[in-house]
Structures are given as C-alpha cells and as structure tokens.
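Subject: Structure handover

Hello,

Here is the structure I promised to pass on. Please open it first, then read the notes below.

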Amino acid sequence: MADSNTVVGESILIKGNLEGDEDLTVQGHIEGSINLNKTLIIEPSGVVKADVSVANAVISGIMVGNLSASDSVELTDSGRMVGDIQAPRIIITEGASFKGRVDIGDLEIPRPAAS
C-alpha cells in the first residue's frame, strides 16, 4: 500500500488539533497543534502556528511554535521559523531564518577522574 499524504491547500485555514498517521503537506494555514507519526512538510506558501510533534519535518514556509521530531528536522533556504526545535538530527540550510533554541539530545558531561 502506498504511503498516504494529506494536502492542506493554499486557500485552506484549519484551526484546531490535528492528529494522524500519514504525511501532511501544508500549503495553506494551520493554527493549533499537530501530532503526526510521519512527516510534516510546510511548503513555501504554508504557514503553521502550532506546537508540533512529528517523526520528520521539512520547513520551506513559515512556522511559529515549538517543534519536536523523533527523527529529523530540515529548515530549507526559504524556511522561516520562530520557536524551539528538539530532534536528534537538524539541518538548517544557508538562507533559512530561525529564532529559538535547538536541542539535539541529552548531553552527558564526562566527570573528571578523581586524582
């Protein structure tokens, strides 16, 4: 079975909480929260004002809110984001705009050996 992909068209505004188990491509506007087990793609025309929890995210449009990804986040050269990112792999391409904190996992600080 082919992977499903839902597209929110350019003229669509969704306010509320979205949950699902398929890829979501945003060309329009979403306000609220997004919780997906797969990939969120924000096209250059897309605007997302939400707290987001996904497996992967590719941001080429505008995102305002905190983003948590279990796999990876890519902010492309046309992407604009304000908010915190938490993911094990993060790509911020030259030309992208980002304001927030980045967390790529737990940092274990080695303790100095006792002398």
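Start with one pair of residues. K15 has E31 in β4 as its bridge partner. Strands here, like helices, are DSSP runs numbered from the N terminus (E, at least two residues, for strands; H or I, at least four residues, for helices).

Before going on, two notes on the source. This is a predicted model, in which local features need pLDDT of at least 70, side-chain atom pairs count only at pLDDT 80 or more, and totals for chains, interfaces and linings use all residues. Residues are numbered from 1 along each chain as its sequence is written, and side-chain values use heavy atoms, with hydrogens and water left out.

**Overall make-up**

The protein has 13 strands and zero helices. It has 115 residues, and 31% of them are buried. Buried means under 20% relative accessible area, exposed means over 50%, and partly exposed is in between (1.4 Å probe, protein chains only). Accessible areas come from the Shrake-Rupley method with a 1.4 Å probe; for residues, only the protein chains shown count as cover.

Take the contacts between residues at least 6 apart in sequence: 1% of them join residues at least 24 apart. Contact means heavy atoms within 4.5 Å.

**Strand pairing**

Strand β2 (residues 13-20) runs parallel to strand β4 (residues 29-36), and eight bridges join them. β4 also pairs with strand β6 (residues 47-59), again in the parallel sense, over seven bridges. Here H29 has V47 in β6 as its bridge partner. Two strands pair if DSSP finds at least two bridges between them.

**T39**

T39 is in strand β5 (residues 39-42). Is T39 buried or exposed? T39 is buried, because its relative accessible area is 17%. Its side chain makes a polar contact of 3.5 Å with the side chain of N56. A polar contact is a pair of N or O atoms within 3.5 Å; within protein, one must be able to donate a hydrogen and the other to accept it, and residues adjacent in sequence count only if both atoms are side-chain atoms. Beyond its neighbours within four places in sequence, T39 is in contact with D23, L24 and N56.

**Salt bridges**

How many salt bridges does a search of the whole structure find? The search finds two. The term means a side-chain nitrogen of Lys or Arg within 4 Å of a carboxyl oxygen of Asp or Glu.

One joins the side chains of D71 and R89 (1.9 Å, N to O). D71 is in strand β8 (residues 67-75) and R89 in strand β11 (residues 89-92), so the pair links distant parts of the chain, 18 residues apart. D71 is partly exposed at 28% relative accessibility. R89 is also partly exposed, at 47%.

R101 and D84 form a salt bridge too (3.6 Å, N to O). R101 sits in the loop between β12 (97-99) and β13 (102-103), and D84 in the loop between β9 and β10 (85-86), so the pair ties together parts 17 residues apart in sequence. R101 is exposed, at 56% relative accessibility. D84 is partly exposed, at 26%.

**Surface patch**

I62, V64 and V82 make a nonpolar surface patch of about 210 Å². Patches are made of residues with over 30% relative accessible area and no salt bridge; like charges are joined within 9 Å, nonpolar side chains (Val, Leu, Ile, Met, Phe, Trp, Tyr) within 5 Å. V82 lies in strand β9 (residues 80-82). V82 is partly exposed, with a relative accessible area of 44%.

Best wishes
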